[in-house]
Amino acid sequence: MIYTLTLTLAQRPEVLERVLRVVRHRGFKVTRMNMQLEDSKIASLDMVVESERAIELLTNQLEKLIDVIQCRALTLEPVTAEKVTS
Amino acid sequence: MKQGQMMRGADAVIKVLAAHGVTNIFGYPGGAIMPIYDALYGAPVEHLLSRHEQGAAFAAVGYARASGKTGVCFATSGPGATNLVTSLADALLDSVPLVAITGQVSTAVIGTDAFQEIDVLGLSLSCTKHSFMVTEMDELIPTLYKAFELAASGRPGPVLVDIPKDIQIGMLEYKTPLQERISEPEFDGEKIAAALSLLRQAKQPMLYVGGGVGLASAVDQLREFIDATGVPSVATLKGLGSVANDSPGYLGMLGMHGSKAANIAVQECDLLIVVGARFDDRVTGRLASFAEHAKVIHLDIDTAELGKLRRPDVAIAGDLRQILPALCMSLEIAPWQEEVAQLKREHCWNYDRPGELIFAPAMLNRLADKLPDDSVVCCDVGQHQMWVAQHMWFRKPEDHLSSAGLGTMGFGLPAAIGAKVSRPDATVVAVSGDGSFMMNVQELTTIKRRKLPVKILLIDNQKLGMVKQWQQLFFEERYSETDLSDNPDFVTLASAFDIPGRTITTNEQVEEALDHLVNCEGPYLLHVRIDDAHNVWPLVPPGASNRDMMEEMDKST
């Protein structure tokens, strides 16, 4: 399955590493990613991830990270997913 | 020191610890944490010097688990910090509140491969609940406050604070930060109604109790729930001690080395009430066939555990102390209670063994009966650990410290040291095996240093027993690297640390030797030789259903 994730993060030097570590360890592959500093304290991160696992298994773990302020997931239909990842 | 006073960062660290009621620290000094050790000199906080940072952090874990307080440990940069990693991972998997403070090289040289520099923040990501590196003076105090709050709140866990040397030496004005309390989730009333409805419909409910009950200080609420409902119960390794041992429907531990009665009852149940537990693979066996006909009510503080491995019919995230009383109701399940009682009678342990050799399960069962009310038993990992879980009994979950999630050999001795520091009036026994004992044997010096009256029961089969058992059963008796017959003379070894001891080899010596171990003053090592043919039974083979337990099939090797 292909999912899009939209995260709001507390801006810390290691925050991207934290998120990516959890994504990898919980069995998801990043296929596209964009991170943007919103201001000195907040960053936004959009990712497209792939896995056979249910997305809740990832979002529940991401929400536990202290520096993740918000985490939203969307399941993409295969056709739509192709458009996004192509 | 008064608010607003100027001081070094290092002095502020000690002051923050004191402000959090920390009375004991476990650690080991080194270059990059020297200013903090300088601030510690003469401070009203007691520091116990370990002889390896892993030992220090395990002592802090033992301290925390035996008392419910947050454990604190110190280590220097580089090797000091890397030596902490195993203990942090252990604390993460067993949800132990711990604050680890590491020294770091100065901010100006971070990233230059300076002497004893390693990226500790990077190392910490997979083995802590959260971690910080302090890079600004004004962040130091708020960061430490946050570390204590995070370690103990929600599902507890280890938090690491890495403090560069220039931050320790730099001056700051001490100000108490505004306390940020992390709010606990409030549970949903509708879900309580749904859970009550499932309870009402159940004819064969079972309670599956995990370590979360003790962590939430919800033992009283759990016991009241059991009294009100009469629901039979089983416990995980970390849940032992939560249900009163004489509770009529209590069947002991479930899972890979659980009691046969516990596993059968769970397989037969039509409703599984999971309290502060997480469907660990050592508990469930083949997940797809675990309690396969049961509906599930799952209660936990950690939302991420709900539905992680088994989809619950009702899941409630929140404080068990509030949820459990809301679920109290009387149930009409007399036929099931009788069936469970019958299972319990049918599958009770048999301690009769012919011959002179010591049978460890029987010995441990006797030890449990001999321990005073205020006692802590710390285990290492392996066969002896499973025998402790099967054959000893505990009054409270904090009386049984076992490395459950990570399964770390070398846990027992330093954890016992920490437990003795946090509960000085308790009788503290470290039950170890000849493999595990050697993994943190240097901590005997820590016992010597403080003359800590820690009792060591060393069960010796001259084997890496659990691995040997699997080689025997699943690897065609190819005993690769599990022979430990070149062990040191353990009693002589203990005596080098001023710890008296003796070796016993026959059944008739057990009673008197256990009495002496429990009642003597000061530390003691009782070295017990057992037959290496004894394995841990029953056993659910890897990948099998809990219904298919292998029964005793010991043979002499």
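Helix axes are here lines fitted to C-alpha atoms over the stretch in contact, and the angle between two of them runs from 0 to 180 degrees between N-to-C directions. In this predicted model, the axes of helix α1 (residues 9-19) and helix α6 (residues 140-152), both of chain B, come within 10 Å and cross at roughly 30 degrees. Because angles under 35 degrees count as roughly parallel, α1(B) is roughly parallel to α6(B).

**The α1–α6 contact in chain B**

- The crossing of α1(B) and α6(B) is right-handed.
- On the α1(B) side, the contact is made by B:Gly9, B:Ala12, B:Val13 and B:Val16; α6(B) contributes B:Leu140, B:Ile141, B:Leu144 and B:Tyr145.
- By class, seven residues of this contact are nonpolar and one is polar, with no charged residues.

**The buried side of α15 in chain B**

- Helix α15 of chain B spans residues 360-370, and its buried residues are B:Ala360, B:Pro361, B:Met363, B:Leu364 and B:Leu367.
- These residues lie on the same side of α15(B), because they cover an arc of only 160 degrees around the axis.
- An α-helix has 3.6 residues a turn, so residues three or four places apart point the same way.
- The partners against which the buried residues of α15(B) pack are the helices α16 (383-391) and α22 (510-519) and the strands β18 (455-460) and β20 (524-529), which belong to chain B.

**Chain A**

- Three helices and four strands make up the elements of chain A, in the order β-α-β-β-α-β-α from the N terminus on.
- Chain A has 86 residues, of which 20% count as buried.
- Among contacts in chain A between residues at least 6 apart in sequence, 67% join residues at least 24 apart.

Notes. Residues numbered from 1 in each chain as written. Chains lettered and ligands numbered in written order. Predicted model: local features only at pLDDT ≥ 70, side-chain atom pairs only at ≥ 80, totals over all residues. Helix = DSSP H or I, 4+ residues; strand = E, 2+ residues; numbered from the N terminus. Parallel < 35°, antiparallel > 145°, perpendicular 65-115°, else oblique. Left-handed = near helix turned anticlockwise from the far one by under 90°. Contact = placed C-beta atoms within 7 Å. Nonpolar A, V, L, I, M, F, W, Y, C, P; charged D, E, K, R; others polar. Buried ≥ 20, exposed ≤ 12 C-beta atoms within 10 Å, placed from the backbone. Arc of directions from axis to C-beta.
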